[in-house]
Amino acid sequence: MLLEYVIMMFIFGLNTHMERTPNKAHAFESSRNDTLHNIDSNSIPTDYDSPPPEFENTTERDVIAAIGTTARLHCRVRYLGDRAVSWIRKRDLHILTIGIMTYTNDQRFLARHLDNSDEWILKIVSVQTRDAGIYECQVSTEPKISQAYKLTVVTSRAQILANRELFIQSGSDINLTCIAPQAPGPYTHMLWYKDSELISDSTRGGIRVLSEQQMKTSNLVISRVIHADSGNYTCAADNSNSDSVFVHIINSEKHAAMQHELASRILVPRILLTVLTLFYFLERVIK
């Protein structure tokens with residue numbers, strides 16, 4: 001009897017141990033999975049961990065370009081992530097670019113972007129008057145965010161500050177000043193021509209060309225002019241229409257004769273007007 005009791009107790013204890021062992025293994029596996037889940041959740045960032053895209057307000061948003069030049073609109077976006085940047089023309093809501101791809105048949109519009117850069121550039125080559133208006137830099141967030149840019153197109157023209165015809169006495173100086181206030185860019189290169197020939201300090205003695213590229217002005221001085229200095233003088237500025245004046249070099253006698261002729265031209269109409277006025281009053285008196 002005692003031997004049978006001992007055998008039964010041994011078998012019962014063995015069964016109990018085998019039943020408990022899977023439970024412990026299952027509990028260990030469950031605890032391990034929970035731990036790994038917590039580690040993965042804490043170590044893998046989600047979209048909610050990064051800040052939303054935002055514009056950098058450090059770029060020029062009012063852009064002026066002269067006809068025929070190249071305009072560039074610069075848009076900077078921080079924290080872009082996997083979103084896309086698009087350029088849209090406001091007047092007709094035409095999508096011009098998405099990313100670095102162009103979506104217009106007008107090949108003058110181009111998208112420019114450097115890898116690892118926050119800057120997205122809309123480049124417009126050979127600007128035309130019709131290109132003026134509002135352009136939007138848009139980010140594909142939900143809802144979308146955008147920033148407006150204004151492009152103004154101007155016709156730049158150089159201007160010589162003088163009459164269209166000048167009479168300069170032989171032996172005196174020519175002093176011409178040219179300005180180009182609407183020329184695009186911070187600096188403007190300006191040149192002078194006489195009858196299509198470039199004028200420089202080395203053309204002959206007594207010539208000085210003084211240009212202020214930042215002020216967009218240029219001054220031409222020719223000392224002690226001679227008859228050969230007569231001609232058409234032209235001022236040309238970068239991306240601007242040119243301007244011209246015609247200079248006549250005359251001697252003192254011819255100058256006096258021209259002054260007398262000019263005075264005669266002015267005097268004759270005055271005399272005629274006086275005679276006509278007298279006839280008018282006489283006619284009224286007679287009537």
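What share of the 287 residues of the protein count as buried?

1. The answer is 28%. This applies to a predicted model. The accessible surface of the protein is about 19,800 Å², and carbon and sulfur atoms hold 57% of that area.

2. The protein has 19 strands and two helices. Among contacts with a separation of 6 or more, 60% are between residues 24 or more positions apart.

3. Strands 7 and 8 form a hairpin, with six residues between them. In the turn, Asn-116 has a positive phi of about 60°. The two strands, residues 109-112 for strand 7 and 119-124 for strand 8, pair in the antiparallel sense through four bridges. Within this pairing, Ala-111 is opposite Leu-122 of strand 8.

4. Side chains in a regular strand alternate between the two faces of the sheet. In strand 7, Phe-109 and Ala-111 make up the covered face, while Leu-110 and Arg-112 make up the uncovered one.

5. An open sheet is formed by four strands in the order 11-13-17-16, with antiparallel pairing. Its edge strands are strand 11 (159-160) and strand 16 (207-212), each of which pairs on one side only.

6. At one end of that order, strand 16 is joined to strand 17 (residues 217-222) by six bridges, and the two run antiparallel. Ser-211 has Ser-218 in strand 17 as its bridge partner.

Note on methods:
Residues are numbered from 1 along each chain as its sequence is written. This is a predicted model: local features need pLDDT of at least 70, side-chain atom pairs count only at pLDDT 80 or more; totals for chains, interfaces and linings use all residues. Side-chain values use heavy atoms; hydrogens and water are left out. Buried means under 20% relative accessible area, exposed over 50%, partly exposed in between (1.4 Å probe, protein chains only). Two strands pair if DSSP finds at least two bridges between them. Contact means heavy atoms within 4.5 Å. Accessible areas come from the Shrake-Rupley method with a 1.4 Å probe; for residues, only the protein chains shown count as cover.
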